[in-house]
Amino acid sequence: MSPALTTSQAATGVEVPGDRPAVRLSNVHKSFGRPGAVTPVLDDISLDVAPGEFVTLLGASGCGKSTLLNLVAGLDKPTAGTIEVPGPRPALMFQEHALFPWLTAGRNIELALRLAGVPRAERRPEAERLLELVRLGGSYDKRVHELSGGMRQRVAMARALAQGSQVLLMDEPFAALDAITRDVLHDEITRIWAERQLAVLFVTHNVREAVRLAQRVVLLSSRPGRIAREWRIDLPQPRRIESSGVADLSIEITEELRGEIRRHGKH
Ligand SMILES: Nc1ncnc2c1ncn2[C@@H]1O[C@H](COP(=O)(O)OP(=O)(O)OP(=O)(O)O)[C@@H](O)[C@H]1O
Ligand SMILES: [Mg+2]
């Protein structure tokens, strides 16, 4: 950002588009239930994710991570506070691939392209390009049941990218995969994130995974979920999950996570 832009921004109060966060949560509260039996789940969450930034969210089971992602995805509304996501609606990817089993890998991606408004003639070549990107070139005609778990998550990743958003929300996307497949997909998501300069908000229970992937790790406390602590991860990418740098930070973060779980009762 040039100093001139900073000055004009300060003088006019007009935000320069390039400076805007890809995701901004301001004092977000979320409660479930009905009057008289309200359970606060998220309490005063303020969090910015910069364009091109990779943030992982950690926290005990039930602390509100998926709730937070759903709010950012626009699937639910906060009880109070605001969520700003300039640009197209973020893409959301889950632990389960949620592909349509009656469609081929390619057709699943084409459907997302259609919903994103991509003209018919461009859909097939673009679906093939996205399959190449996730290293599944040649799998266009494969049906979902013919794909391994790792391949299905690759198709799900391609489908999420087909939505054309610069914001990718991932809710434990690799949790159901074996360690080796997960390791390979860590490399893939790191590569695609860097190539496409995506803003990623990634939920996981796996502290090493959080450190392996992120530029910033955010730890949520429980009942209600609040931001307990953040770590900036400056280790160079691509990282190895078994490297000593990742291991050392993971030990420190795990200690804090354990502390949060102890403070707030059962996991
Ligand atoms: N639609 C809903 N209606 C009522 N309560 C809900 C709803 N969605 C979530 N909750 C409650 O909000 C709390 C947080 O749930 P959430 O799924 O966000 O947790 P999480 O951190 O993603 O947990 P996990 O790590 O197990 O996936 C839980 O107590 C859950 O029961
Ligand atoms: Mg969850």
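How many nonpolar, polar and charged residues make up the lining of the largest pocket? The lining divides into 15 nonpolar, three polar and three charged residues. All views show a predicted model.

**View 1. The largest pocket and the residues at its centre.** The volume of the largest pocket is about 440 Å³. Its lining comprises 21 residues, and those closest to the centre are L92, A112, L115, R159 and Q163.

**View 2. Elements that line the largest pocket.** At least two lining residues come from each of β5 (91-93), α3 (105-115) and α5 (149-162). The element that gives the most is α3, with four residues. The largest pocket lies between domain 1 (1-90 + 165-267) and domain 2 (101-164), because both domains give residues to its lining.

**View 3. The shell around ligand 1.**

**View 4. Polar contacts to oxygen atoms of ligand 1.** A polar side-chain atom of T67 is 2.5 Å from an oxygen atom of ligand 1. Backbone N or O atoms also take part: one of G62 lies 2.8 Å from an oxygen atom of the ligand, and one of C63 lies 3.2 Å from an oxygen atom of the ligand. On its own, ligand 1 has 640 Å² of accessible area, of which the protein covers 54%.

Conventions:
Residues numbered from 1 in each chain as written. Chains lettered and ligands numbered in written order. Predicted model: local features only at pLDDT ≥ 70, side-chain atom pairs only at ≥ 80, totals over all residues. Heavy atoms only, no water. 1 Å grid on protein atoms, 1.4 Å probe; cavity = no way out; pocket = protein on both sides within 12 Å on 5 of 7 lines; lining within 4 Å. Points joined across faces, edges and corners; volume = space filled by probe spheres on them. Nonpolar A, V, L, I, M, F, W, Y, C, P; charged D, E, K, R; others polar. Domains from an automatic or database assignment. Polar contact = N/O pair within 3.5 Å; in protein donor to acceptor, adjacent residues only side chain to side chain. Areas by Shrake-Rupley, 256 points an atom, 1.4 Å probe, with all protein chains shown as cover.
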